[in-house]
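Please look over the chain below before reading the points.

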Amino acid sequence: MQHLEEEIAHLTRTVDELNTVVTRQQSEIDRLTQRVEMLLQREAERAQEGSGGVVFGDERPPHY
């Protein structure tokens, strides 16, 4: 019986530790998702303004 109680205590601790890790990872995912959305919005605004500044390999720079 004592062995089962020790095993349950160990498993409970493991579940608590995993819960902490998953909670931290979800916070990180939420933060990164927000940053990606912000970058996408910023890029969309830049594309609307026409100042994207994308240079293609076969295109000469403007100073030529």
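1. E43 and R46 sit three residues apart in helix α1, about one turn of the helix. Helices here are DSSP runs of H or I of at least four residues, strands are runs of E of at least two, and both are numbered from the N terminus. The model is a predicted one: local features need pLDDT of at least 70, side-chain atom pairs count only at pLDDT 80 or more, and totals for chains, interfaces and linings use all residues. Residues are numbered from 1 along each chain as its sequence is written, and side-chain values use heavy atoms, with hydrogens and water left out.

2. E43 and R46 form a salt bridge, with 3.7 Å between the closest N and O atoms. The term requires a side-chain nitrogen of Lys or Arg within 4 Å of a carboxyl oxygen of Asp or Glu. E43 is partly exposed at 39% relative accessibility, and R46 is partly exposed at 35%. The cut-offs are under 20% relative accessible area for buried, over 50% for exposed, and partly exposed in between (1.4 Å probe, protein chains only).

3. By this rule the chain has two salt bridges. R31 and E28 make one of them, at 2.8 Å from N to O. Both residues lie in helix α1 (residues 2-49), three residues apart, which is about one turn. R31 has a relative accessible area of 37% and is partly exposed; E28, also partly exposed, has 37%.

4. Side chains of opposite charge can pair when their charged atoms come close.

5. The chain holds one helix and zero strands. At 1.5 Å a residue, the 48 residues of α1 should span 70 Å, and the end C-alpha atoms are 71 Å apart, which agrees. The expected span is 1.5 Å times one less than the number of residues. After α1 comes G50, with a positive phi near 80 degrees.

6. Of the 64 residues in the chain, 0% are buried. The chain exposes about 6400 Å², and carbon and sulfur atoms supply 56% of that area. Accessible areas come from the Shrake-Rupley method with a 1.4 Å probe; for residues, only the protein chains shown count as cover.
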